[in-house]
Amino acid sequence: QAIALEPNDPTPYNNRGNIFAKLAQYEAALADYTRAIQLKPDAAIVFYNRGTTHADLGEHEAALADYTRAIQLKPDDANIFYNRGTTYNDLGQYEAALSDFNRVIELKPDDVKAYNNRGSTYANLGQYNAALADYSRVIDLSPGDATAFHNRGATYADLGQYEAALSNYSRAISLKPDDATTFYERASIYAALGQYKAALTDYSR
């Protein structure tokens with residue numbers, strides 16, 4: 001009704017697009033966001049929403065274009081930089097991702113998701129000490145963050161520091177005991193340490 005009554009108002013199109021996106025009706029969401037942008041070409045939030053929908057569809061280049069336009073319109077929005085950073089990571093463009101996560105942390109110095117993702121980006125670049133520092137920062141800010149313990153464990157494993165990896169994986173499991181990936185990775189560490197019975201137990205979980 002709202003669109004029928006006010007067909008030149010971009011807001012109902014954006015809001016209906018959000019509902020379509022929540023229902024995983026992504027093509028319908030894209031159509032509504034595109035119409036909203038036609039009606040209001042400077043609406044950063046709509047570019048952001050359309051970018052997120054492109055990302056959900058695996059259309060990373062289109063997502064990047066929309067996030068970049070949203071940043072041009074709203075250059076101090078940490079959420080847009082965060083999403084663009086994750087998209088750069090999906091594309092393997094780690095230096096660009098790093099730049100975006102740095103910007104998120106400038107804008108939101110206590111954003112644990114940004115530190116976790118920047119840590120993963122550093123790890124992908126082989127900058128393991130920087131990755132460890134970011135994961136440790138997450139743990140300082142949010143001691144119950146299982147992802148940070150898992151990621152720090154994986155980084156210690158990459159460095160061949162198996163005892164430290166084991167400790168971190170075990171802490172991650174205590175916080176999130178239904179994470180099969182962490183059990184699998186801890187099993188690999190037990191095997192590397194020659195603790196085969198413990199490895200079998202984890203593989204069997």
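Is Asp 66 buried or exposed, and what is its relative accessible area? In this predicted model, Asp 66 is buried, with a relative accessible area of 5%, and its side chain meets that of Arg 50 in a salt bridge. The protein around this pair is built from 13 helices and 0 strands, and a search of the whole structure finds 11 salt bridges.

**Overall form**

- Read along the sequence, the elements follow the pattern α-α-α-α-α-α-α-α-α-α-α-α-α, in keeping with a count of 13 helices and 0 strands.
- The radius of gyration of the protein is 21 Å, whereas a compact globule of 205 residues would have a value near 17 Å.
- Along its principal axes, the C-alpha trace spans about 70 × 35 × 25 Å.
- Of the 205 residues, 43% count as buried.
- When contacts between residues at least 6 apart in sequence are considered, 40% of them join residues at least 24 apart.

**Surface and charge**

- The protein exposes about 10,400 Å², and carbon and sulfur atoms supply 49% of that area.
- There are 19 positive and 26 negative side chains in the protein, and the centres of these two sets lie 3 Å apart.

**The salt bridge between Arg 50 and Asp 66**

- The side chains of Arg 50 and Asp 66 meet with a nitrogen-to-oxygen distance of 2.7 Å.
- Arg 50 counts as buried because its relative accessibility of 15% falls under the 20% cut-off.

**The salt bridge between Glu 106 and Arg 103**

- Glu 106 forms a salt bridge with Arg 103, and the closest N and O atoms of the two are 3.0 Å apart.
- Both residues lie in helix α7 (residues 94–107), where they are 3 residues apart, or about one turn of the helix.
- Glu 106 is exposed, with a relative accessible area of 55%, while Arg 103 counts as partly exposed at 23% relative accessibility.
- Salt bridges that share partners join Asp 76, Arg 103 and Glu 106 into one network.

**The salt bridge between Asp 42 and Lys 40**

- A further salt bridge brings together the side chains of Asp 42 and Lys 40, at 3.4 Å from N to O.
- Asp 42 counts as partly exposed at 45% relative accessibility, and Lys 40 is also partly exposed, with a relative accessible area of 39%.

**Buried residues and their contacts**

- Ala 123 lies in helix α8 (residues 112–124) and counts as buried, its relative accessibility being 17%.
- Not counting residues up to four places away in sequence, Ala 123 touches Tyr 128, Ala 131, Tyr 135 and Thr 155.
- Ala 123 and Tyr 94 are 29 residues apart in sequence, and their C-alpha atoms are 9.8 Å apart in space.
- His 150 is placed in helix α10 (residues 146–158) and counts as buried at 15% relative accessibility.
- With neighbours within four places in sequence left aside, His 150 is in contact with Tyr 169, Ala 172, Thr 181, Thr 182 and Glu 185.

**Residues with greater accessibility**

- Asp 90 lies in helix α6 (residues 78–90) and is classed as exposed because its relative accessible area of 51% is over the 50% cut-off.
- The C-alpha atoms of Asp 90 and Asp 76 are separated by 23 Å, the two residues being 14 residues apart along the chain.
- Ala 24 sits in the loop between α2 (10–22) and α3 (26–39), and it is partly exposed, with a relative accessible area of 45%.
- The phi angle of Ala 24 is near 60°, a positive value in a residue other than glycine.
- Most residues other than glycine have a negative phi.

Note on methods. Residues numbered from 1 in each chain as written. Predicted model: local features only at pLDDT ≥ 70, side-chain atom pairs only at ≥ 80, totals over all residues. Heavy atoms only, no water. Salt bridge = Lys/Arg side-chain N within 4 Å of Asp/Glu carboxyl O. Buried < 20%, exposed > 50% of the residue type's maximum accessible area, 1.4 Å probe, protein only. Helix = DSSP H or I, 4+ residues; strand = E, 2+ residues; numbered from the N terminus. Rg over C-alpha atoms; globule rule 2.2 N^0.38 Å. Contact = heavy atoms within 4.5 Å. Areas by Shrake-Rupley, 256 points an atom, 1.4 Å probe, with all protein chains shown as cover. Lys, Arg positive; Asp, Glu negative; His and termini not counted. Charge placed at Lys NZ, Arg CZ, Asp CG, Glu CD.
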